[in-house]
Amino acid sequence: MAHKHNQVIENNENMGELIDLLAKSKESFIKSNLSIHLHSRELTLIADIKKHNKPHHKKARVAKYAKMMQDEDGICKKYEMHKKIYLNRYKKLENKGLITIKMDVDDLPYELTFTDKGNEVLNEISELSKTWEDKVCADFDEKSELIALLQKVSKNAIAYSYAHEKNKKCVL
């Protein structure tokens with residue numbers, strides 16, 4: 001029996017809504033099959049930590065933080081206030097043994113690193129993501145064409161998120 005939303009999906013020509021549906025499906029699959037209970041926001045935070053630990057991202061954060069600390073518009077004071085609130089988001093991951101939070105390291109106010117357990121969870125998320133992809137593409141012969149189209153669209157789309165990140169006044 002076909003799913004009751006198949007007709008709605010077939011008639012939906014809104015690319016953003018379809019992408020959101022895929023993202024929600026992948027997240028649900030990962031959360032349902034992960035060996036540890038994580039909330040959606042925690043999965044997002046884990047992805048952010050993974051991204052921010054890449055050398056080129058860390059270098060950009062260091063440069064932005066140094067610039068921000070020289071700003072005379074009071075950004076520094078606002079940043080200190082928001083830093084505590086922001087880091088509280090990561091406390092649950094630290095309490096679950098997935099990350100460590102180190103303060104005042106490498107020209108940054110804090111650094112988030114994965115523990116061995118955190119790296120195991122990262123690997124598990126990666127494997128579950130591949131499994132989800134195999135399942136949703138099982139009856140789909142044009143997967144390589146879809147990937148090529150998504151790569152092309154992503155190249156156009158990245159400019160918007162990059163510009164947003166570059167214009168942020170803070171380094172969080």
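For the charge count, I took Lys and Arg as positive and Asp and Glu as negative, leaving out His and the chain ends. The model I examined is predicted.

Charge. I looked up the charged side chains and found 31 positive and 27 negative ones in the chain. I also noted that the centres of the two sets lie 6 Å apart.

Surface patch. Which residues form a positive surface patch? I recorded Lys26, Lys50, Lys51 and Lys54 as its members.

Lysine 26. I then turned to one of the patch residues, Lys26. I located lysine 26 in helix H2, which covers residues 15-33. Its relative accessible area is 30%.

Elements. How many helices and strands does the chain have? I listed seven helices and two strands. Reading from the N terminus, I wrote their order as α-α-α-α-α-β-β-α-α.

Extent and surface. I noted that the C-alpha trace spans about 60 × 35 × 25 Å along its principal axes.

Burial and contacts. The chain has 172 residues, and I recorded 25% of them as buried. Finally, I looked up the contacts between residues at least 6 apart in sequence: 59% of these join residues at least 24 apart.

Definitions and conventions: Residues numbered from 1 in each chain as written. Predicted model: local features only at pLDDT ≥ 70, side-chain atom pairs only at ≥ 80, totals over all residues. Heavy atoms only, no water. Patch = residues over 30% accessible without salt bridge, like charges linked within 9 Å, V, L, I, M, F, W, Y side chains within 5 Å. Areas by Shrake-Rupley, 256 points an atom, 1.4 Å probe, with all protein chains shown as cover. Salt bridge = Lys/Arg side-chain N within 4 Å of Asp/Glu carboxyl O. Charge placed at Lys NZ, Arg CZ, Asp CG, Glu CD. Helix = DSSP H or I, 4+ residues; strand = E, 2+ residues; numbered from the N terminus. Buried < 20%, exposed > 50% of the residue type's maximum accessible area, 1.4 Å probe, protein only. Contact = heavy atoms within 4.5 Å.
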